[in-house]
Structures are given as C-alpha cells and as structure tokens.
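Work through the exercises below with the sequence and the structure in view. Each task is followed by a solution in steps.

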Amino acid sequence: MFSVPWVVVLFSFVINLIIGGSTGGEENINSGGLSSIFIYIFVCSLIVQGQTFPFALGLNVRRLDFFAGTSAMGVLVSAASAVVLLLFSLAEELSDGWGVSVHFFNLPFMDGISPLGRLGIYFVLMVHMFFLGFVIASIYRRFKRTGMYVFFAALFVLMSVVSFALTYFNLWLDLFGWFANHYMDIFVWMAPIAVVYALLSYAMIRRATI
C-alpha cells in the first residue's frame, strides 16, 4: 500500500523531467507534484484504521496495542520516506535541478535550509498528515456518521467565519505575508499538534465500538 505514493511521485517527477528537457532547461520548473505523497499518507491513515481496527479487536488485540502498533508503523514509514525525499533533494541540488532546472524535491522555500532541517520538515509534515487522518477516522469510529456530520459542519462554519473576517477586514495579504515569514515556525508547531491528534485518537478508540 505504501508503495503506491512513490509510484505516483516518481511518475510525476519523470513527467516534469520530460517537460524540463523539452525546454532545454531554460525555464525553472517548480512542481507541486511532491504534495501527492503527503496527501496519500493522510488518506492511507484514514483507510488503515477502518480496515484493521475491527480485525484487531476480533483477535482480542488490546486497543492500546492497536494504537501503539499503528502509530509506530505510521512514524516509521514517515521517517523512511523523509530520508528518501532528503536524498532526492540533495541529488537535485547537486545536479542543479537534474540538469534541466526542475525543482521537484527541493522547493524554493527550502533554499538555505540545512539537510537536517529539510529532513525534519519532511518527517514532521508526514507525521502530522498521518495523525490528522487518524484522528478523523477515530471520530467516525467513536461517534459514527453523526460525529462526522457534526465535525464537518463545525469545520465548515469555522472556515466560513474566518474567511468572512479576513475578507471583511482585508487581511488576506497580511495572512499570506505572515505565512511567508513564519513558515518554519508553522512546521515546528506541527509536531506538538500531531501529538494532540494522537492523544485524541487514542481517547476515542478506547471507547469505540466495532
């Protein structure tokens, strides 16, 4: 299952190389194809819990053991994927965009960030996406459809209020500017937020029914 995102990423990467080669490397190509692997991690965490939780309980596996095992799997896959992404990123940097000015793994905002910093960004973002999907799946597991309706309704209302406020007070540019200046802080805060997701997930699956 976890090989699928790499197939998608590498296919997108090859397409970008072909495009870069067709332009002779005269145009800088900054692709967003790398985002597919993070999106897949999110979707996969949604699916994994739904497929394995009833099976695990049927084998008399403790909920704590299920949570610990699944979380460990997510963290290990995230760590391994982050290392591979870092290696591709370094190769891209050393080859000056693979010789055709393609920036697929080493995105522009990463200029000046150390290899260890890039590794941390990849890892934290993947772990964050994994536990985000896991906590959403846990809401369904604990509260069923009613819980999902309430969750998405509340999320829609919150986003609508925030969007209205930003538009009314003309704060969109200020918001984008803040993100541009504090993106490293955002990645740092993703780590403790992922821990909160994990704690909420465990609290819900402790009382969830099949």
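A residue is called buried under 20% relative accessible area, exposed over 50% and partly exposed in between, using a 1.4 Å probe and protein chains only. The model is predicted, so local features need pLDDT of at least 70 and side-chain atom pairs count only at pLDDT 80 or more, while totals for chains, interfaces and linings use all residues. Residues are numbered from 1 along each chain as its sequence is written, and side-chain values use heavy atoms, with hydrogens and water left out.

**Exercise 1.** State what percentage of the residues in the protein is buried, and which pattern its secondary structure follows.

Solution. Begin with burial: of 210 residues, 37% are buried. Next, list the elements, which are DSSP runs numbered from the N terminus (helices: H or I, at least four residues; strands: E, at least two). There are 7 helices and 2 strands. Along the sequence they are arranged as α-β-α-α-α-β-α-α-α.

**Exercise 2.** Explain why the rings of Phe 130 and Phe 134 count as stacked.

Solution. A pair of aromatic rings is described by the distance of the centres and the angle of the planes. Rings of Phe, Tyr and Trp (its six-membered ring) pair if their centres lie within 6.5 Å; planes under 30 degrees apart are stacked, over 60 edge-to-face and the rest tilted. The structure holds 15 such pairs. For Phe 130 and Phe 134 the centres are 5.9 Å apart and the planes stand at 25 degrees, so the pair is stacked. Both residues lie in helix H5, 4 residues apart, and are therefore separated by about one helical turn. Phe 130 is buried because its relative accessibility is 3%, and Phe 134 is buried at 0%.

**Exercise 3.** Is Tyr 40 buried, partly exposed or exposed?

Solution. Tyr 40 belongs to helix H2. Its relative accessible area is 22%, so Tyr 40 is partly exposed.
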